[in-house]
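Subject: Structure handover

Hi,

Here is the structure you were waiting for. My notes follow below it.

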Amino acid sequence: MVRREIVFGSSEPIVVETGVYAKLSDASVLVRQGDTAVLVIVCLGEYSTEITDFVPLSVDYREQSSAWGKIPGGFIKREGKPSDREVLVSRVIDRSIRPLFPDGFNREVVVTALTLSADDKFDPDVLAILGASAALSISSIPFEGPIAGVRVVGIEGELLINPTYEERQRADFDIIVAVSKDSIVMVEGGGKEISEETVLKALYYALERAQPLLSLQEEMAKSLGKEKIQYKSPSEEGELELHVRNRAERAVLDALSIVEKIERRTTLNQILEGLLAEANEGQKGSISFIFKKLVQRLMKERLFETGIRIDGRNPEEIRSIGIEVHPFARPHGSAIFTRGQTQVFATVTLGSSESAQMVETIFEGETFKRFMLHYNFPPFCTGEAKPWGPPRRREIGHGALAERALEPLIPPEDRFPYIVRVVANVLESNGSSSMATVCAGSLALFDAGVPLKKHVAGIAMGLATLGDKYLILTDILGDEDQLGDMDFKIAGTRDGITSVQMDIKIKGLKREILSEALSRAKSARLSILEKMYAAIPEPRAELSPFAPKIEIITVPEEKAPLIIGPGGKTVKELKEKTGTSIWVLEGGRVSISASSKEALEFAKREILALVAEVEVGNTYEGRITRIEPYGLFVEILPGKVGLLHVSKMETAPKDLRSAYKIGEKIKVKVIEVDEQGRAKLTTIMGEDLGGPLL
């Protein structure tokens, strides 16, 4: 076993170990902080796959309930498919390490991160990024690392690195940053309307503080690392590269002048198909790889020569924007946001407490989400003739990004007692669909009457580099994302950033580039927000008539069990009687959901009566429950019965049984409550006691 230890971020050191576990793999590393431990294993495929323009990399992050001493919820007491949390962490690891595999490397690589132990202080996610890099660094797999993953939060103006869960709860922002020796590689996080300057400061604080973690890995790789396997990139095959350039360069340049996406894509595919038809089977993968590199280079050269992008815009120009609010009647709120050839239809559905999504995580246990955003990317949005399957990792990731952008503006439960679900369906996609989702979602929330204080908009920034030159691109297309060097998504309000995500494909991203990208993103965001406010300047004053009516009332906490009743009997009877949905929450709060205001008020009266105390001097309309010769027993509140003695009646009938019937109503006044809580009643002067009062 080899063990390295470093004090980092808090009083708890980070420990990196290797040589003990999963020794049949190419490399494995155990990373600990406190009682949190993550085992990261990398395995290399035995054979080379066909050359492609992407690394055949798979990343799986798994959290098992046993790691924090729990048995899984649900009917089947074992883990099944990855949770959204596991998918999101897998994506963060993947996006951090993928750019650091060399071009054209075509052996399958599988990275598995398994949380073995989890405490209530440290999140395993950033430890897993560190573990993946360390394992790859000491493996035989070519990897242009190391990198380190760290978390930066801001609390009252102070930056903290790798904070505890408790510290994160108090933070104004929470950002995961993956860094190499001299560059930021990946960013994922959000905050409560933070400034561009704060984001930039946090990113470079992470770069500075992570250097000891990089040095630790370099030392491990030097002393323990295996010899890296040799491979040859297709771009080094000079004769084949020259052949592709001579045969296709002129045609590719002509294709890149086509503004319309489908036509441009079809033309480029036809050029590639012509090249492949002339090639032997062993060359096809290499030709596809070289062809993409050719398209990328020519697109950049054309951009730097003309200053015009492939859709005719200049670098800072935003595509034309179209907004339609409430296009359909039945959703509680809806909007269609179109930016160029990217179009998103978002709906908002409001629900009661039982609609909340239960989430089970290491650091929070079982919790309920009040706000959900689900992002769908059906194949037809890019013109593909494929069936629409279940959500994929990309959809889960983009949905989480947009959800994080909007969530800080969702009002608290005591101000808006609804569960809120946004569904975003991408109808057309040519880049930046996640940021269009933020815009469409904000518009739909305003349309639904959710009392957001501000609109939220998003923009995706790109980067093209050529030698020492660079250009920052505002509102990137799909092709500019695939062929460019950066995808930097920023969402926020007029007053600050709420969500960021960045991936880069080059080394050594300069600080001034990031600063300029953030500045231009702010200008673009403000421009989009102007159009959104023009379309719907504030949330609607009234909810949709199709939305449920919900109110949360508060009763004395010690009386909440009276509403539930034995085995839930009382609350079930209340639901049936009032036709509403009733949920007893923590702290004596009771959520009532009804289809009409009348039903809600009826349920509210019944609940308040159930927990009310009988008070001397109050008048009640009670129900007769028992008749005796000496008086009437009257239920004046649910479960509260008092005696109306004949001596306390203004005019007592000779025979009470002939004058009254059980179940009939009568107005009475409480004149006394004895030590045992029994009420003594009298009739109200002037009441007709010859029959029941309805």
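**Helix packing**

α1 and α2 are oblique to each other, because their angle is neither under 35 degrees (roughly parallel), nor over 145 (roughly antiparallel), nor 65 to 115 (roughly perpendicular). This is a predicted model: local features need pLDDT of at least 70, side-chain atom pairs count only at pLDDT 80 or more, and totals for chains, interfaces and linings use all residues. Residues are numbered from 1 along each chain as its sequence is written, and side-chain values use heavy atoms, with hydrogens and water left out.

Now the numbers for that pair. Helix α1 covers residues 84–97. It packs against α2 at an angle of about 40 degrees, with the axes 10 Å apart. Axes are lines fitted to C-alpha atoms, for helices over the stretch in contact, and angles run from 0 to 180 degrees between N-to-C directions. Helices (H or I, at least four residues) and strands (E, at least two) are DSSP runs, numbered from the N terminus.

On the α1 side, the contact (heavy atoms within 4.5 Å) uses Arg85, Val89, Val92, Ile93, Ser96 and Ile97. On the α2 side, Pro124, Asp125, Ala128, Ile129, Ala132 and Leu136 take part. By class, this contact has 9 nonpolar, 1 polar and 2 charged residues. Ala, Val, Leu, Ile, Met, Phe, Trp, Tyr, Cys and Pro count as nonpolar, Asp, Glu, Lys and Arg as charged, and the others, Gly among them, as polar.

Next, α4 (residues 196–209) and α12 (residues 511–535). They pack at about 150 degrees, with their axes 10 Å apart. The two are therefore roughly antiparallel. Their crossing is right-handed. α4 brings Glu196, Val199, Leu200, Leu203 and Tyr204 to the contact. α12 brings Arg511, Leu514, Ser515, Leu518, Lys522 and Arg525.

Then α14 (residues 569–578) and α15 (residues 597–611). Their axes come within 10 Å and cross at roughly 150 degrees. That makes α14 roughly antiparallel to α15. This crossing is right-handed too. Thr570, Leu574, Lys577 and Thr578 of α14 meet Ala599, Phe602, Ala603, Glu606, Ile607 and Leu610 of α15. Here the classes are 6 nonpolar, 2 polar and 2 charged.

**Cavities**

How many cavities of 30 Å³ or more does the structure hold? There are 3. A cavity is a set of points, on a 1 Å grid over the protein atoms alone, where a 1.4 Å probe fits but cannot get out; lining residues have an atom within 4 Å of a point. Grid points are joined across faces, edges and corners, and a volume is the space filled by probe spheres set on the points.

The largest cavity has a volume of about 70 Å³. Its lining includes Gln33, Lys121, Phe122, Asp123, Arg151 and Asn162. α2 (124–138) and α3 (165–169) each supply at least two of the lining residues. The lining divides into 5 nonpolar, 3 polar and 4 charged.

The second largest cavity comes to about 40 Å³. Met299, Leu303, Arg309, Ile310, Leu473 and Glu480 line it. That is 4 nonpolar, no polar and 2 charged.

**Backbone points**

Most residues other than glycine have a negative phi, and most peptide bonds are trans. Two places deserve a look. The peptide bond from glycine 145 to proline 146 is cis, with omega near 5 degrees. Proline 146 sits in the loop between α2 and β7 (148–155). Glutamate 193 has a positive phi, near 55 degrees. Its place is in strand β10 (residues 184–194).

Best wishes

Conventions
1 Å grid on protein atoms, 1.4 Å probe; cavity = no way out; pocket = protein on both sides within 12 Å on 5 of 7 lines; lining within 4 Å. Left-handed = near helix turned anticlockwise from the far one by under 90°.
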